[in-house]
Amino acid sequence: MIFLKKYQDPFVLLLLWLIIIAIINPIGDFPLNDDWCYGKSVKTLYGDGYLKLYNWGEMTLVSHVYWGYLFTKFFGFSFTVLRFSTLVMGLATILGVYQLCKLANVPRFLALLGAILCMVNPIFLSLSFSFMTDVPFYCLSIWILYFFSKALKTDSWQPILWALFFCVWAFLIRQLAIVFPVVWLLTVILSKKRTLNNAVKAVVPLFFVLVFSVLFSWFMETNGLLQERYNSKFNVLITSLKNINFQLIKLMVTYFLTSMAYLGFLMAPIYILYIKKNPFRGSKIAISIWTVLVMIFIVKMKKVLPSLDNVWINFGVGPTTLIVDGTSKFTEAPSNKAPYLFWLIVTAIGVFSSAALWLKARIMVLAVFSKKEISPMVIFAFVFLVVYLSPFLIVGVYDRYLLPLFPVTIVFLFADKKLDISRISKYFAMLFLVALTWFSVFATHDYLSWNRVRWQVLEGLQEKGVSVNHIQGGVEFTTWHHFSETQDAWWENVIPVYTLVFNPKKEDVIVGEYSYSKWLSGKGKIYVIYDASLDPALQ
């Protein structure tokens, strides 16, 4: 009983995670989004015994492939097995978020609330039911931040070494992991005394990761394992910085404000509590002006939430890779779509709540000028927010790239902060949490559900003798069957005699109608349409 009482919060998180998994149902041997490519690498390693990174992305990817391979060694290859490998990482992420908040002395209620908000974030939850790299990288990011934070508090080498271990692991998923030792270096410079010991501690992690990255690139290139697009985003970043102009600046501002709105809405109860507890003279007017001006800008730039590609979509999660209303827009929900007014309200809540971040930044600036002490954890969180987000503002932001920012903002706002939370604030937080959980769980269930039926239909067509070259079954189906590193325009191998769609046009010839379990509003239907003019048998 003492053990259960001591770890009651982690047990609550574990139980909730298991319940959500059972409700959504992760079973299904089919790829989602880009994970067909990563699954293909695992399948090659599992079946043929060698590592092969396909020329689809530009990431390091190695540890992600081997993580999936570890599970297939015990349970065989399938996308269901790979999905469970990510769900394990998802649990480790949530526990890491809670431990990071606890280490930062965030009030217990907010630490638990923050961990659950991160759990039921629709972007995180849907990606946890895939073999995409985002959740594993997010997981490692949290534990890197945890051990670097522990090093800040203890001045010990042991947590630094653990942070380095996770840095290398994360780097072998994405090169972006280089930001963590950079953040650590800057934080030590800003928060610690100028001593030789601190200088060594600050520099060693960055030096080690840089050397490792050079050796990794050399080894992979020497052995013919490096992807053709490797480091392409880095090259775009350098080129953009060399040719900075007004259009790029406007785009950066757009990405920044949109990202703030995402953070603000999905962390609304925590951000609004901070605003409530930290007013200053004129704060109501300042926040009102901020909300109005940012909303005008976002609406004018057509970036009302959810406008960033490509997981959280209108009204659900995706991406939607079948035709909707005659087009292949990945950010369109199959049905139904929430009205524009609803998304304006969601965006306005996000923009309003995001004011908490600049309120905290204002306090930091005032503390610097008045020479007041600032918590090293707050400095660490702030440096991470700036360093991590800045490159994406230049090369482009996907909503899934924002994931590590959500828990770090909790640390930024509430590290080493004592406060009493009113009953009304707790009720509001619970109400928001229930609504977000409802949406995220239902949306993720629907995403798995329609994909499950989609692949059953596709397998049925093949069993009837239809060639995969004559089936347009969506992006994952096309890439899984036709992707080629040697053939240009390999997608042109598909002659869409049979096409799967959500919303057929009036002139389409429907030869199959299939229902899937849909918990959000709207019909759960997939259609197979037939184009006789493309059928080789009739030519």
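Let's start with two helices, α8 (residues 134-154) and α17 (residues 376-395). They pack at an angle of about 145°, and their axes lie 10 Å apart. Helices here are DSSP runs of H or I with at least four residues, strands are runs of E with at least two, and both are numbered from the N terminus. Axes are lines fitted to C-alpha atoms over the stretch in contact, with angles from 0 to 180 degrees between N-to-C directions.

A word on the model: it is predicted, local features need pLDDT of at least 70, side-chain atom pairs need pLDDT 80 or more, and totals for chains, interfaces and linings use all residues. Residues are numbered from 1 along each chain as its sequence is written, and side-chain values use heavy atoms, without hydrogens or water.

Back to the pair. Which residues of α8 and α17 make the contact? From α8 come L145, F148, S149, L152 and K153. From α17 come P376, M377, F380 and F384. Contact means heavy atoms within 4.5 Å. The set divides into 7 nonpolar, 1 polar and 1 charged.

Now the surface. W157, L161, L196, V200 and V204 form a nonpolar patch. Together they have about 450 Å² of accessible area, computed by the Shrake-Rupley method with a 1.4 Å probe, counting only the protein chains shown as cover. Patch residues have over 30% relative accessible area and no salt bridge, and nonpolar side chains are joined within 5 Å. Which helix gives the largest share of the patch? That is α11, with 3 residues. Helices α9 (157-171) and α11 (196-222) each supply at least two. L161 sits in α9.

Next, charges. Side chains of opposite charge can pair when their charged atoms come close. The whole structure has 10 salt bridges, each a side-chain nitrogen of Lys or Arg within 4 Å of a carboxyl oxygen of Asp or Glu. One joins D134 and R174, at 2.5 Å from N to O. D134 is in α8, while R174 is in the loop between α9 and α10 (179-191), 40 residues apart.

Last, the backbone. Most residues other than glycine have a negative phi, and most peptide bonds are trans. The bond from N314 to F315 is cis, with omega near -10°. F315 lies in the loop between β1 (312-313) and β2 (316-317). G318 and P319 are also joined by a cis bond, omega about 15°. N25 is not a glycine, yet its phi is positive, about 75°.

Terms used
Ala, Val, Leu, Ile, Met, Phe, Trp, Tyr, Cys and Pro count as nonpolar, Asp, Glu, Lys and Arg as charged, and the others, Gly among them, as polar. Patches are made of residues with over 30% relative accessible area and no salt bridge: like charges are joined within 9 Å, nonpolar side chains (Val, Leu, Ile, Met, Phe, Trp, Tyr) within 5 Å.
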